[in-house]
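Here is a quick walk through a two-chain model. Keep the structure open while you read.

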Amino acid sequence: MAVELFELQLEGVAVYRAFCRSKGIRSGTIRDWREIPALPTAAFKEYEVSSLGDDRCAVFYSSGTTRQTSSRHYHSAASLEVYEASADAWFRRRVAARMGGGRFPVLSLTPGAEVAPNSSLVHMFEMVRRRFGDSESQFAGRVDSEGAWHLDGARAEGALEAMRMRGRPGMVVGTAFSFVHLIDWLRDQGRRTELPAGTLVMETGGYKGRSRILPKTELHAGIGEFLDVPGERILCEYGMSELSSQAYLEQGVFVFPPWARATVVCPETMREVAVGEQGLIRIVDLANARSVMALQTEDLAVRHATGFELLGRAVVSEPRGCSLMSS
Amino acid sequence: MELPKYFLADLPSEAELTPTILADACETLKRNREIYLPEWSTTKLIAVFDQLGRDWLDPEYPFRKLALEQGPTATGFSRATLEHGLNSLFESLTSRALERLIVQDLGHLDRFDGFQASEVEPGNGSLGRTRGPELIAQISAGLIPNSTVLTILFGMLTRSAQVVKCASGAAFLPRLFAHSLYQMVPKLGACLEIVEWRGGDSELEAVLFEKADCVVASGSDETLVSIRQRLPARSRFLGYGHRVSFGFVAMDVLSPSLLGGVAGMAAADVAAWDQLGCLSPHVFYVEHGGRVSAEQFAEALGRELDRLEQIQPRGSLAADQAAVLRTRRGFYELRASALEETQMWASQDSTAWTVVYEADPLFQMSCLNRFIYVKGVSDLKQALEGADAVRHKVSTVGLASAGVRGEDLAGELAAWGVPRICELGRMQKPPLTWRHDGRPALGDLALWTDWER
């Protein structure tokens, strides 16, 4: 199936075709999904990585701020259906299953879909609200005139308080930075909430300069302290606007659904590293039907038997030469 | 070979360096300076340094052997790169070069030893002699030892005691050099201390800055500003900020017969210290109009880098560093597949070297480790416009040009503010007399007494 989809994408996505041609890869030359050339995710910033034409109905931008060019991932009604089918199935199994049956209150610390229609994360949270959330569910973020996201602290606090009063476990979802904002807000107000036992927290994404950067352990400790949610009820998600599937953290290791395979490749040779070694994450996501399924990310990870341990973005560190490294 | 424990940096890592120990060490250095250094004439010092330079070039010299054996692990450079870098450094250290430097910076060879009149100063009967700071604190940055070693020697010439503070994990080569000096002349080594700590340790640095009367620091602009703010008013501060370099290849050397040689020189500049120094090129600007195109130069540069990789391989990188190179390469691979004005040549199955050709003359900061940009330009003027963003940050321009045109190009570069222009292939090999970032390195350490007779 991957090879068939590759052929379609080779034909339909011009930038991918040029990329493959430069590597001497043409139609009919790929026999195994592991050989499918992985397109650098930077392609989504520079070009239109899409086989869609007039049927485009949505575009997801990466959460990059206005300072950077954003990645653009185009969708049609049909590709959004694939996206949702993928996101729903894995969320249902890995996240919602831990909430027991039935609907539950979902508080999202991000803005809602009506003000952030181009965020794949918000789209997913909106889907979660629609499919899993009860009538109390809401979004507590807002967007400023420059497109930056902020937390409406009072609103979030009110929603948390309502959750506490009702005594039914719910879910609080948001980006890592929105949780930092929430913790800062509650600290400034001198407030703490004891959310009902069974409440689940799901945090995702990096910081991108929008809040203080907290190490994950500190962030989770803060969530424990201010929301009274224990570590084992805090889930982490790994996703990006360029993908249609998400990975969830399980015992320190991110795991994608079976239709999205992540491999960790050695940055020198671009071959898969051994278990325990570091490398760059490469993903083949079959749900990326109308863009490109094989993507080379810029994220570093350690390969584990069941998935990968995320280390973060590979950034140009200070040269080790003369003047820059002085510490 | 086991190094004796002469310096604080020799102590095992579990031994904690305290402000008191450091303060004591500074006082000892100052005392040793008073006792030992007066008996040393400039001529005698020059003879020692000349011998030291020759020793370090000797393949059997134990300190060199140790540097080459343990250096790859300690510094990340390959053995051949270290060998090449150390050769360049110590070949420049000769008595002739030292004499030239002193005369250049101070006007007379014996000005540290007594009052002298320089031949070029007006004959008004005025004499001058120089002395140095009592204690120099050198804040050294990075792994490339050249600047650190030379500042140690210049400090000896000014008869100063010196504490060299290395960046954490970067003391290996300065330590070896200090040991070699100590072994040759223990009394000179006793006026030198090597320490290592992570920059920003305010307690240790407060002691050091209190004790020293001159601070020579390399580092980022922020580091330099932070150091300067913490110095007492009486302290002299010599700061060497971060610099970038580039090359310019004029059309008159772009012929089929010269191409290999010119590209080979350019490749040597990229490979030296794995491109990690301030004198290493980020970009080669190549002038259009020669018989060989800028793209062909880029391709030839790739060939030369590939050849060098066989004999002087790039050091092995941690995964995160290799990932940066790979990611940057992926970006250009993509561009090259979509745009004609971008091309890329790169090592297979490794990140060992990468050449990116772009028609756009805008200066690009390389991610280094032998990742080089080649940019076609209509002339030097266009190259300098492209490099405008780094105008006041440039250290060196490697210039390849034939005949009289070189003078015009050098004039243009000087007017633009470039402190150093050299031949391609010599970017990482400045002579001892080099004026570091446009300032006389020895001259800036010296303090004068004028005697108007």
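What pLDDT does chain A average? Chain A averages 90, and 92% of its residues score at least 70; pLDDT is the predictor's confidence in each residue, from 0 to 100. Where pLDDT is low, the predicted coordinates should not be read in detail. Chain B averages a pLDDT of 95, with 99% of the residues at 70 or above. For the model, ipTM is 0.88 and pTM is 0.92.

Some housekeeping: this is a predicted model, so local features need pLDDT of at least 70 and side-chain atom pairs count only at pLDDT 80 or more, while totals for chains, interfaces and linings use all residues. Residues are numbered from 1 along each chain as its sequence is written, and chains are lettered from A and ligands numbered from 1 in the order in which they are written.

## Where the chains meet

The contact between the chains takes 32 residues from chain A and 44 residues from chain B. On chain A, the elements giving two or more residues to the side that touches chain B are α2 (14-22), α3 (43-46), β14 (278-285) and β15 (294-303). Helices (H or I, at least four residues) and strands (E, at least two) are DSSP runs, numbered from the N terminus.

The largest share of that side of chain A, five residues, comes from α2(A). By class, the side of chain A that touches chain B has 17 nonpolar, 10 polar and five charged residues. Here Ala, Val, Leu, Ile, Met, Phe, Trp, Tyr, Cys and Pro count as nonpolar, Asp, Glu, Lys and Arg as charged, and the others, Gly among them, as polar.

Take α2(B), residues 42-57. At 1.5 Å a residue, its 16 residues should span 22 Å, and its end C-alpha atoms are 23 Å apart, which agrees; the expected span is 1.5 Å times one less than the number of residues. Its buried residues fall within an arc of 125° seen down the axis, so they line one face of the helix; the arc is that of the directions from the helix axis to the C-beta atoms. These are B:Leu45, B:Ile46, B:Phe49, B:Leu52, B:Gly53 and B:Trp56. Buried means 20 or more other C-beta atoms within 10 Å of a residue's own, exposed 12 or fewer, and partly exposed in between, with C-beta atoms placed from the backbone. They pack against α3 (62-75), α4 (79-91), α5 (95-106), α6 (146-157) and α7 (172-184) of chain B.In chain A, the 14 residues of α7 (176-189) should span 20 Å at 1.5 Å a residue, and the end C-alpha atoms are 20 Å apart, which agrees. Buried residues of α7(A) include A:Phe177, A:Phe179, A:Leu182 and A:Leu186. The buried set of α7(A) packs against β6 (141-143), β7 (149-151), α6 (153-166), β8 (171-175), β9 (200-204) and α8 (216-227) of chain A. Just after α7(A), A:Gly190 takes a positive phi of about 70°.

## Some single residues

Most residues other than glycine have a negative phi, and most peptide bonds are trans. A:Met270, in the loop between β13 (260-265) and β14 of chain A, has a positive phi near 65°. With 17 C-beta neighbours inside 10 Å, A:Met270 counts as partly exposed. B:Gln275 also isn't a glycine, and its phi is positive at about 70°. B:Gln275 sits in the loop between α11 (256-271) and β8 (281-287) of chain B and is buried, with 26 other C-beta atoms within 10 Å.

B:Arg328 belongs to helix α13 (residues 319-338) of chain B and counts as buried, with 22 C-beta neighbours inside 10 Å. Not counting residues up to four places away in sequence, B:Arg328 touches B:Cys367 and B:Phe371. B:Ile311, in helix α12 (residues 294-311) of chain B, counts as exposed with 10 C-beta neighbours inside 10 Å. The C-alpha atoms of B:Ile311 and B:Thr81 are separated by 9.1 Å, though the two are 230 residues apart along the chain.

Notes:
Two residues are in contact if their C-beta atoms, placed from the backbone, lie within 7 Å.
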